[in-house]
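I opened this notebook to record what I looked up in the structure. The entries follow the order of my reading.

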Amino acid sequence: MRGQVICSHLFTTPPLTRKRKAAEAAISDNESVTSTEAAPTKASVDGSRRKDNATNRKNTASSKPAHKKDKPTSESYSVSVKESDLATPATTSMSSDDDLMSDASSADFLDTQESEDDSLDDFGDDLGDGFSQDKDLIGNTRKPYEVEFQVLSPEDIEREQNAQVVEVAAILGLPPESCAILLRYGRWNREKLIESYMDHPEKTLEAAGLGTNFEGTAKTEVIPGFMCDICCEDGDDLQTYAMRCGHRFCVDCYRHYLSQKIREEGEAARIQCPGEKCHLIVDSKSLGLLVTDALKDRYQVLLTRTYVDDKDNLKWCPAPNCEYAIDCPVKKRDIDRIVPTVQCACKHYFCFGCTLNDHQPAPCTLVKMWLKKCEDDSETANWISAHTKECPKCQSTIEKNGGCNHMTCRKCKHEFCWMCMGLWSEHGTSWYNCNRYEEKSGSEARTSQAKSRQSLERYLHYYNRYANHEQSAKLDKDLYLKTEKKMTSLQSQSGLSWIEVQFLDTASQALQQCRQTLKWTYAFAYYLARNNLTMIFEDNQKDLEMAVENLSEMFEKPVPELAKHKVDILDKTAYCNKRRVILLSDTAENLKQGEWSFNVEW
């Protein structure tokens, strides 16, 4: 009812008031134009019609519902429109005021709606930037566990290097090749480099391996009577070269030296002058004058690698034979609160923090601890601790090889009970059946044994599930390699098009992603301390695991049955992806806000 009252005020009263004012203004204008004789006649006609309308209102007050069903209402509406064009809406033949109100509101509904649309636009403008920000939030589809990153090709990296070199050269007024050496010396930190150069220019140039002399151009020369200090050649037409430091050698020796540095040692950014105790760096202009084109290409590749290695926000994709780099602004100090998973142009997912394969939702530190725990002999020692016991006297490791609980250490001949680790002499006549659990002499040994066994069982619980999903992921990957063959077979048997059988490829990729996520949820859960959030995490984990197993079962059905289960496979694929997003989003938000607590220090 409240909404109806508001609509009544919006759509009925204001337009009618405006119409009446417009009608009165039109009548006054019409009276000024028409003759003085016609005005009384029209006024009398209007007066007689008003009397008739008043009489009709009295006669039809009791039969108002019947009025609304009559068709003349719509006809009178059309007449009223035409007469309103003559500026006499007040003289329209109406059966009642109710009809007048309803027809006026109907006629003005569209106009009012337009005015309301305008008012809504004005309302949006009045909200200011807040309304547009809400739209931006709706348009932002980045999930809590996703990070901002950019994929860079070698050309992009080279272009970025050159742009920074040109910028610094314009500021410092130095040659571009010298600025490139300065930037590599400063690990491409422009602000810090410029500040250091402005405060101590000579010291900065010397430390970078440039010196203070920038005169002369790079060129080879023939010096009469010159003998190379490396090869001792002294021919009359011997081509020589010297950098600004003045250490001159023949071109062949220089070329061989540079080739050795670039090809064999993989050095490019900090190649020094071959002169003894000279630290001047060979710039790109000198190198381009002396080496072959093939060596120039290798030199440029090494410089690109150095650039990526020096920048904290750049890392190479670890996939085999991939030449792309990833630009990600995540800082090292945030690695414990964010799992920065990125995707290269080669479709490889990896963690930007540790360059390992995608390990969401576990942070990098926990992943390294888990892998070390799985790979080293820590669990072997744990197994020994759980299945063997130490002599209470000499601490020698003993494994039980018989059913008798009366143990005698072969090393120190100490006699003790295997069950309670207490002195055998305290057992009285109970030689083969220990029932004295609370003996003081064996309480510490029993406590240590129980803790070790409990720790092993807990580890095996999570490790078995971790290893199971890892093995399942490998099998699913093998199945993915056979998916194209499976799709071709399904296409030929079911009559579906190649586009219609793509649901198998989508399901296969979803299986691999979800298996990868589930695998690392168990490593994450192993270090997770129990609280209310842990229960929610385990529920999300369970839902995703059930959905993945159902999808995997559908995916492995015989080819003839896959066409019948296409809709089910598509639905289950979407559900798996949704459950994965929910699990990762919840975990990432709590990790970022510091809500998780762990049972290890890291």
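Before noting any crossing angle, I set down how it is defined: axes are lines fitted to C-alpha atoms, for helices over the stretch in contact, and angles run from 0 to 180 degrees between N-to-C directions. I also note that this is a predicted model.

**Entry: helices across the strands.** I looked up α15 and found that it lies across β5 and β6, running at about 125 degrees to β5. I then turned to α9, which lies across β1, β5 and β6 and runs at about 90 degrees to β1.

**Entry: the sheet.** In what order do the strands of the open sheet come? I recorded the order β1-β6-β5 for its 3 strands, with antiparallel pairing. β1 (150–152) and β5 (314–316) are the edge strands, each pairing on one side only. On average, neighbouring strands of this sheet are turned by 30 degrees against each other, direction ignored. For β1 and β6 (residues 325–327), I found antiparallel pairing over 3 bridges. I noted that L152 has A325 in β6 as its bridge partner.

**Entry: helix α10.** Why is α10 (residues 176–185) largely enclosed by the rest of the structure? I found that 8 of its 10 residues are buried, so the helix is largely enclosed; buried here means under 20% relative accessible area. The buried residues are E177, S178, C179, A180, I181, L182, L183 and R184. I looked up what these residues pack against and listed α9 (154–172), α11 (190–199), α12 (201–208), α14 (284–290) and α15 (293–310).

**Entry: after the helix.** Just after α10, I noted that R187 takes a positive phi of about 55 degrees.

Conventions. Residues are numbered from 1 along each chain as its sequence is written. This is a predicted model: local features need pLDDT of at least 70, side-chain atom pairs count only at pLDDT 80 or more; totals for chains, interfaces and linings use all residues. Side-chain values use heavy atoms; hydrogens and water are left out. Buried means under 20% relative accessible area, exposed over 50%, partly exposed in between (1.4 Å probe, protein chains only). Helices (H or I, at least four residues) and strands (E, at least two) are DSSP runs, numbered from the N terminus. Contact means heavy atoms within 4.5 Å. Two strands pair if DSSP finds at least two bridges between them.
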